[in-house]
Amino acid sequence: MSSPITFSGFNNIDFNVVLNALMQQASQPLTVLQSQQTALKSQVTTFKSLTSHVATLASAVAALADADGLNGHSGTSSQPTALGVSVGPGAVAGHYDVVVNELARAQVTASTSSAADSDTTVVASGGSITIGGVSVTISGDVTLQGLAAAINGTDGIGVNAAVIRTAADTYRLVLTSRESGLAGAFTIGNNLTGGAGVTFAGNAVEASDASLLVNNIPVTGSSNTFTDVIPGVTLTALQKDAATTIAVDVAADSSALEAKLQSFVDAYNGLVQFLGEQREAAGRNEASSIGRDPLLRQLRNALRTDILGAHGTGTFTRLSEVGIEFTRTGQLQLDKAKLADAIELDADAVRAMFGGAGGAFTTIESDLEQYTQTSGFIDNATGRLDDQIDRMDQQIANMQSRLAIQREALLREFVEADSLMARLRNQSGSLANFGAGLGPV
């Protein structure tokens with residue numbers, strides 16, 4: 001705090017009191033502008049909260065807009081360590097008996113010859129090796145590691161080559177088919193010359209196709225994963241046991257979909273509560289409120305229209321038909337029993353009404369993008385506020401500069417006035433002394 005400025009010509013009056021009073025009155029327009037700017041900044045913060053609520057809702061909607069990701073059924077395996085089961089679109093309820101007779105395996109062939117090391121001993125200096133009909137030509141000295149690199153670097157070859165240590169000072173070349181099943185089996189034509197030599201004889205693992213019995217129907221494949229044996233169900237063979245029958249059950253299941261829908265309901269209700277709070281804050285004229293911005297009413301109306309509207313032409317066309325309903329207070333609620341009944345009646349129709357082209361959540365997702373994307377409605381609204389704040393920064397700086405000049409001018413005026421009063425007082429004192437020296441007349 002500055003020290004008081006006093007002037008003898010003004011009877012030692014504290015000039016700071018006078019100056020501050022004058023400047024306080026002159027600063028009133030600046031104070032008003034600063035208050036307006038603070039209010040705009042708080043509104044930008046509120047818009048960020050709106051963005052967060054809308055983003056949460058958009059995330060929940062995205063999980064429901066993909067029809068392929070909305071499974072109305074679940075699958076179980078009586079021996080999950082031997083046979084894995086996953087359920088996708090198109091599944092229907094049913095029971096299946098499965099026997100895993102054989103697993104699909106990729107051919108593995110190891111060299112019968114070995115080297116004392118992987119990267120020093122020369123095993124070939126020329127010639128070629130043909131694997132599955134693809135030739136690899138050697139044009140100089142190579143070690144086991146060099147040979148493996150040459151094989152792996154050959155386009156179109158169907159194997160991966162690696163060097164493994166099988167014992168102390170014992171390294172072998174191992175070739176593994178990149179494709180499991182009989183289709184990935186390969187032969188080796190060895191025409192390598194020079195060096196210590198590389199030889200092959202027999203396979204460490206023979207190529208084989210997977211073989212299942214599904215309800216006594218033989219099924220084979222080059223992979224252990226079967227996607228087209230049971231509609232909408234993926235079977236993964238993990239362990240063969242021809243003497244064991246594995247029970248696979250596919251049943252209507254609303255639990256996964258129910259969780260996604262509850263997330264949507266919670267996110268929507270959170271957004272609606274926020275919008276209501278902003279409306280109430282606007283009624284109290286709170287500076288940070290954005291409740292009077294037409295964007296909020298527009299957003300809420302768009303969401304209500306989408307939720308209440310008809311979507312598609314299937315068994316179900318409205319969200320209320322599958323348990324997503326409005327309460328009297330404008331909140332959403334999920335009727336789980338109604339959802340379960342709808343899924344049991346026609347799970348595919350529920351999925352189709354939710355996601356995909358023309359689906360309810362596809363429509364909501366599209367509408368929300370207008371608010372969340374760059375240069376969208378919310379981005380534009382905050383951008384306008386930011387522009388106002390920036391313009392006010394310059395206005396405030398200009399006002400502060402003018403007030404500083406005004407303060408300096410007032411200070412100079414008081415100093416000059418004090419100097420003048422001091423001279424007048426001195427003159428008055430001189431006149432008084434002169435009169436006293438004359439004495440009485």
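Salt bridges first. Taking a salt bridge as a side-chain nitrogen of Lys or Arg within 4 Å of a carboxyl oxygen of Asp or Glu, the count comes to five. This is a predicted model, in which local features need pLDDT of at least 70 and side-chain atom pairs count only at pLDDT 80 or more, while totals for chains, interfaces and linings use all residues. Residues are numbered from 1 along each chain as its sequence is written, and side-chain values use heavy atoms, with hydrogens and water left out.

Glu102 is in strand E5 (residues 94-102) and Lys240 is in the loop between strands E15 (233-237) and E16 (246-252), so the bridge ties together parts that are 138 residues apart in sequence. Helices here are DSSP runs of H or I with at least four residues, strands are runs of E with at least two, and both are numbered from the N terminus. Glu102 is partly exposed at 22% relative accessible area, and Lys240 is partly exposed at 40%. For those words, buried means under 20% relative accessible area, exposed means over 50%, and partly exposed is in between, with a 1.4 Å probe and protein chains only.

Next, Lys336 and Glu258 meet through their side chains at 3.6 Å, N to O. Arg351 and Asp348 form another, at 3.0 Å between the closest N and O atoms. These two are three residues apart in helix H6, so about one helical turn separates them. Arg351 counts as buried because its relative accessibility is 11%, whereas Asp348, at 36%, is partly exposed.

Now the interior. In soluble globular proteins, nonpolar side chains tend to be buried together. A nonpolar core here is a set of buried Ala, Val, Leu, Ile, Met, Phe, Trp, Tyr and Cys residues joined through side-chain atoms within 4.5 Å. The largest one has 58 residues, and those with the most contacts inside it are Leu50, Phe264, Phe354 and Phe361. Elements giving two or more residues to this core include helix H2 (28-65), helix H4 (255-283) and helix H8 (377-438). H2 gives the most, with twelve residues. Leaving out residues up to four places away in sequence, Leu50 touches Leu271, Phe274, Leu275, Ile290, Leu295, Leu296, Leu299 and Ile378, where contact means heavy atoms within 4.5 Å. Apart from this core lies another of 22 residues, among them Val123, Ala124, Val163 and Phe186.

Then the loop between H4 and H5. Which residues does Ser289 touch, not counting residues up to four places away in sequence? They are Gln43, Gln278, Ala281 and Ala282. Ser289 is in this loop and counts as buried because its relative accessibility is 10%. The Ser289 side chain reaches the backbone nitrogen of Gly291 at 3.0 Å.

Asn285 lies in that loop too, but counts as exposed at 58% relative accessibility.

Last, the backbone. Most residues other than glycine have a negative phi. Asn285 has a positive phi of about 60° although it is not a glycine. Ser375 has a positive phi as well, about 65°. Ser375 sits in the loop between H7 and H8 and is exposed, with 52% relative accessibility.

Definitions and conventions. Polar contact = N/O pair within 3.5 Å; in protein donor to acceptor, adjacent residues only side chain to side chain.
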